[in-house]
Amino acid sequence: MTDFTTDAPVMRERHAPPKREYYAYFALIFLATLPLAFLTWMLTAARRMELPEKGPFAKAWTQARIITPHIFSA
């Protein structure tokens, strides 16, 4: 008698990563961090009398890139 169960291909469901949800959270976090990033950028520029290397959009983008994966890994 032949056992066909060991030669059967393994059918696994592939789950797509939740890209829409990730981008929605990313956008919300980006918009939430933008005012604070702009405020700190202005205060740093006023204190040092020169423009910082990173602008407020870059800082907010960086913060959103750091925070959003933490939400999904929890």
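**View 1. Phe72, a partly exposed residue.** Phe72 has a relative accessible area of 30%, so we call it partly exposed; that label sits between buried (under 20%) and exposed (over 50%), judged with a 1.4 Å probe and protein chains only. You'll find Phe72 in helix α2. Keep in mind that this is a predicted model, where local features need pLDDT of at least 70, side-chain atom pairs count only at pLDDT 80 or more, and totals for chains, interfaces and linings use all residues. Residues are numbered from 1 along each chain as its sequence is written, and side-chain values use heavy atoms, leaving out hydrogens and water.

**View 2. The nonpolar surface patch.** Tyr25, Ile66, Ile67, Ile71 and Phe72 make a patch of about 390 Å². Patch residues have over 30% relative accessible area and no salt bridge, and nonpolar side chains are joined within 5 Å. (A salt bridge puts a side-chain nitrogen of Lys or Arg within 4 Å of a carboxyl oxygen of Asp or Glu.) Helix α2, residues 56-73, gives the most here, with 4 residues.

**View 3. The whole chain.** Here we have 2 helices and 0 strands, taken from DSSP runs (H or I, at least four residues, for helices; E, at least two, for strands). Of the 74 residues, 18% count as buried. The accessible surface comes to about 6800 Å², with 64% belonging to carbon and sulfur atoms; such areas come from the Shrake-Rupley method with a 1.4 Å probe.

Technical notes
Patch = residues over 30% accessible without salt bridge, like charges linked within 9 Å, V, L, I, M, F, W, Y side chains within 5 Å.
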